[in-house]
Amino acid sequence: MTPSSVAKRVAVLISGRGSNLSALIAAQDASYKIILVISNVEGAGGLEKAQRSGIATSVIPHAGKTREVFDAEIDAALRAAGADLVVLAGFMRILSDGFVRGWEGRLINIHPSLLPAYKGTRVHERVIAAKETLSGASVHFVVPELDAGPVIAQASVPVHPSDMPETLAERVLTVEHKLYPEALKLLASGKVKLENGLALFS
C-alpha cells in the first residue's frame with residue numbers, strides 16, 4: 001500500500017487523566033491530526049489537555065444507558081466529526097460488537113502487557129504474582145473479543161523483584177507514551193492494516 005500523504009483525522013476516547021492522550025497530541029505530524037476527544041466521564045483530566053491544544057471535546061455519559069445506546073451515541077459523534085481512525089486511550093468501557101465491527105481496522109487500543117499474555121484487568125498485580133521478569137505494552141487492533149486483536153507494536157520493560165503494581169505501572173506507562181504514537185503513525189500512513197484477522201505490514 002502506498003502511504004497516504006493526507007493526515008488521517010483521529011478521534012481519541014478517554015475516561016481519565018489523558019496520559020497517553022498527551023503523548024499522542026505531542027507526536028502529531030503529517031500522518032495524523034487529532035480532531036476530537038470524547039470522554040464518558042465529566043471532568044476527566046484529558047479533556048482539559050485536549051482543550052488547551054485546541055482540540056474539540058465532547059462528554060457522552062454512559063450511566064443509565066444500554067451499551068448499544070451509548071455506543072450509538074459515540075458512533076454518531078465520531079462520524080459527525082469525520083473521524084478516520086479511533087484510538088482508545090484509557091477508555092474504561094467495553095465496546096459492543098456492533099460498534100467494533102463498524103470501525104474494524106480503524107480502531108486501536110493499548111494494553112499494559114505483552115499480549116497475548118495477561119489480557120483483561122489487574123495486569124500488573126498478576127504479572128508480579130506470577131514472578132515474571134518481563135512485561136510491557138502492546139498496541140493492537142480492537143476486535144469483538146477483549147484484548148484479542150492483532151498486535152501492531154510492542155515494547156518490553158523489566159519486572160524487578162522489588163516491584164509493586166504502582167512502580168511497574170509507571171515503568172510500562174513510560175514506554176506506552178513512545179509506543180502508542182509510533183503505532184498510530186504506522187496505521188495512519190497505511191504501513192499496517194487489518195486483513196483477514198491479521199496485522200499486515202508494508
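**Largest pocket and neighbouring contacts**

Helix H6 supplies the largest share of the lining of the largest pocket, 6 residues. The model is predicted: local features need pLDDT of at least 70, side-chain atom pairs count only at pLDDT 80 or more, and totals for chains, interfaces and linings use all residues. Residues are numbered from 1 along each chain as its sequence is written, and side-chain values use heavy atoms, with hydrogens and water left out.

Helices (H or I, at least four residues) and strands (E, at least two) are DSSP runs, numbered from the N terminus. H6 spans 165–188. Helix H1 (19–26), strand E5 (107–111) and helix H5 (123–129) also each supply at least two lining residues.

The largest pocket holds about 1100 Å³ of space. Of its 39 lining residues, Gly90, Phe91, Met92, Ile110 and Pro112 are the closest to its centre. A pocket here is an open set of points on a 1 Å grid over the protein atoms alone, where a 1.4 Å probe fits, with protein on both sides within 12 Å along at least five of seven lines; lining residues have an atom within 4 Å of a point. Grid points are joined across faces, edges and corners, and the volume is the space filled by probe spheres set on them. The lining divides into 18 nonpolar, 12 polar and 9 charged residues. Nonpolar covers Ala, Val, Leu, Ile, Met, Phe, Trp, Tyr, Cys and Pro; charged covers Asp, Glu, Lys and Arg; the others, Gly among them, are polar.

The count of aromatic pairs comes to 1 (Phe, Tyr or Trp rings, the six-membered ring for Trp, with centres within 6.5 Å). Phe70 and Phe91 form this pair, at 6.4 Å centre to centre and 15° between the planes. It is stacked (planes under 30 degrees apart; over 60 is edge-to-face, the rest tilted). Phe70 lies in helix H3 (residues 67–81) and Phe91 in the loop between strand E4 (85–88) and helix H4 (97–102), so the pair ties together parts 21 residues apart in sequence. Phe70 is buried at 2% relative accessible area, and Phe91 is buried at 8%. Buried means under 20%, exposed over 50%, and partly exposed in between (1.4 Å probe, protein chains only).

Ser138 lies in strand E6 (residues 134–141). Ser138 is buried, at 0% relative accessibility. Its side chain reaches the backbone nitrogen of Leu115 at 3.0 Å. Leu114 sits in the loop between E5 and H5. At 24% relative accessibility, Leu114 is partly exposed. Leu114 and Glu166 are 52 residues apart along the chain, with C-alpha atoms separated by 17 Å.

Terms used. Polar contact = N/O pair within 3.5 Å; in protein donor to acceptor, adjacent residues only side chain to side chain.
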